[in-house]
Amino acid sequence: MQKVTVITVLILCWAFNPMHAQQPGRLGGNMEMNFQSYSPDSAIGADTVRERVAIQSFANLIYNRGNLEVGARYEIYGPPLTGIDVDYEGHGIAHRYLTYRHDLIELTAGHFYEQFGSGLTLRSYREWALGYDNAIDGLRVRIKPGRGITLTGVAGRHRNYWRSSPGIIRGVDGQVHVNRLLPFLEESKTIIMVGGSFVSRFQEDRSLIYKIPENVGIYSARADVIRGGLRFSGEYASKINDPSAVNGFIYKPGEAFLAELMYTRRGMGITLTGKRMDNMSFKSDYNATGIPLEINYLPPLSPQHSWELANVYPYATQPNGEMGLLGSIYYMFPRNSTLGGKYGTRLTVDYSRIHDIHREAPTDTTTVGQPGTLGYTSDFFKTGDKLFFRELSIGLEKRINPKWKVDLKYMNTLYDPLIKGDAGHDLVRANIAIAAIYFTFMPGHSLKAELQSLTTDQGELHEKDYSAGDWAMVLLEYNHGGYFLNVRDLYNHRNPSAGIDALHYLSFAAGVTRGAHRLALSWGRQREGISCVGGVCRPEPAASGFGITLTSNF
Amino acid sequence: MKRLLLILLPVMLVFPVIPQDTGLPSVTVTDLNGVPVDFSQLHNDGNPVILSFWATWCTPCLREMNAIAEVYEQWQEETGVLFIAVSIDDSRTRSRVLPLINSNYWDYDFFLDPNHDLKRAMNVNLIPHTFLLNGDMEVVWQHTSYSEGMEVKMYEMIRKLSAGESLDED
């Protein structure tokens, strides 16, 4: 509350600053409200929710005047939707900041989001839909001391629901656009950018068993090189010993390597990405597990899918160790060619393969992963025996004529249920086929139909797994003048779990969009699954009931 | 906290305010070659601008951009409108942005906002989110979501803006 008072006083002083009395400033914001009612539905594994209804909402306000910006976000969870962490329950000002900008310097006091490089050393961000917010509450300074150079310094603690993280985060980052810094390279056909960062966490050692390093540092170096259609981008990061609940309190240093090679020109592109992560979880609390309090960001290597049944087996980064490759091809069969037809046909092919890393016991007397020891040694270039994930996906997009358009997708996925936390299960092999058809039958009136199928080779399961087995989905949607209406049937026509019969998940949705205001209503069943945005995934329990989502921007 | 107040208070009273050049927030994004760009400095020589937030994994965004691509040349000739597309892909999907643009033959002005700084500053909730800006780069209309045919309505407004007529909101 004290902080809020301070910010208010500061805003008032600045508002009455006689030097800019003639400027009114600019006020804007946005909000979202999610409401869901829960009916017990034992058939789909939806438990009774004691509160019967959940409602969560936020409202953001940003006020700009000249080079000053102040912002605050109010959040309320009464209680949060199922699947969102219950620790959010409550309400209050979850986010407030003040930013001053000048040509040379930008200063933020309060909450802020920041990313260094690709995020291997530091990334704070927010995904409302997942209940993810690791904003840093502290101070950030960004300086542009010369053309092409940006330096950033941060210090503060993570937001931890309605509290702060026990660990303090301090970090610096430098990014140099070499061609802009050095005038003689300005006209060069080769563009070079380099950067580096160092981040450290301080947390008091309160362990009764282990001696925990109180200052843990992580550093990285990165480079981007562009020449014509050819691009390379790479980052290497290393972390000193950081025994934590995530790595099982081992003392091995961590390292991460991410490299991307791309060739692209009009009509096509090829990319190859390689990645190796070894003991790279870095949190602002060494005792924390799960999603919250991540200081760094370890991007998953598989493509992100937007179709329902393509997300039954989503990959999530294994922070304790993984290595893999992703190759992608993008190609447009030109217009007026055999395969291109009148409008061209777009093809996307992705192949990704992710293994565990190789691990060996560090000495004769310790085992791999033994707490309180080095844990293991690992050969950088050797893959582990375990295959976590392999996926081939082929997509085709084709406009047939001004009225009809078709998207087709085929995926073949091999998935270790360990990725979603179910150790000791067989690999799942899934074949997924998707067709989306768009039909504009009158100007402003359009229909969308989605047909999706997922089949697996899963044999009988002894535990109940509501996402297992074979699925089919039909969705029909009508759009006109900002209104939409859809009906969806998701059909689990074979579930190998004992005690789960074939099940329909029927749902209806309708909504209206007016400018930047959107109201959507839904009713029906939602399947149990994993919801992923960016690199973060969270389990989403099954639910049955009525939902309202209101989003607005003002 | 009190110390912070004592330090910042005189600063707040003295700091001059530099007038904003445009109606857009002063947030740094990068172009496709990594060159940092202050978003508030963008302009289209007094002509209207479409500003759209998108991502490689957002299928309605891609449908909107493809639909406008079909008519963009004609729109530009008639009204001088510029389409600015800001990708919010993070480091997971960032490498998909450029090949996707090229394989679709899109000719828009592209920027990257990987940690959503501009998205937050523009108060964007969901994507696709499309803003229409007048020649002074002030937001005159905005819309979230996309369905087939929506670009027709948008073009009516662009034509009005270009002709200096007022927009009648729905």
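Biologist: Where in chain B is the place of B:N123?

Modeller: This is a predicted model, in which local features need pLDDT of at least 70, side-chain atom pairs count only at pLDDT 80 or more, and totals for chains, interfaces and linings use all residues. Residues are numbered from 1 along each chain as its sequence is written, while chains are lettered from A and ligands numbered from 1 in the order in which they are written. Helices (H or I, at least four residues) and strands (E, at least two) are DSSP runs numbered from the N terminus. In these terms B:N123 sits in the loop between α4 and β6 of chain B.

Biologist: Is B:N123 buried or exposed?

Modeller: A residue is buried if 20 or more other C-beta atoms, placed from the backbone, lie within 10 Å of its own, exposed if 12 or fewer, and partly exposed in between. B:N123 has 21 such neighbours inside 10 Å, so it counts as buried.

Biologist: What is the phi of B:N123?

Modeller: Most residues other than glycine have a negative phi. B:N123 is not a glycine, yet its phi is positive, at about 60 degrees.

Biologist: Which residues of chain B does A:N30 touch?

Modeller: A:N30 belongs to strand β1 (residues 26–37) of chain A. Contact here means C-beta atoms, placed from the backbone, within 7 Å. Leaving out residues up to four places away in sequence, A:N30 touches A:N60, A:S552 and A:N553, and from chain B, B:N123 and B:N125.

Biologist: How far apart in space are A:N30 and A:T551?

Modeller: In sequence, A:N30 and A:T551 are 521 residues apart. From C-alpha to C-alpha, their separation in space is 7.6 Å.

Biologist: Which residue is joined to B:P128 by a cis peptide bond?

Modeller: Most peptide bonds are trans. B:P128 lies in the loop between α4 and β6 of chain B. Its cis bond has an omega of about 0 degrees, and the partner is B:I127.

Biologist: How many residues has the largest nonpolar core?

Modeller: A nonpolar core is a set of buried Ala, Val, Leu, Ile, Met, Phe, Trp, Tyr and Cys residues joined through C-beta atoms within 7 Å. In the largest one, B:V49, B:W54, B:I84 and B:I127 have the most contacts inside it. Elements of chain B that each supply at least two residues include β3 (49–54) and α2 (59–79).

Definitions and conventions:
Two residues are in contact if their C-beta atoms, placed from the backbone, lie within 7 Å.
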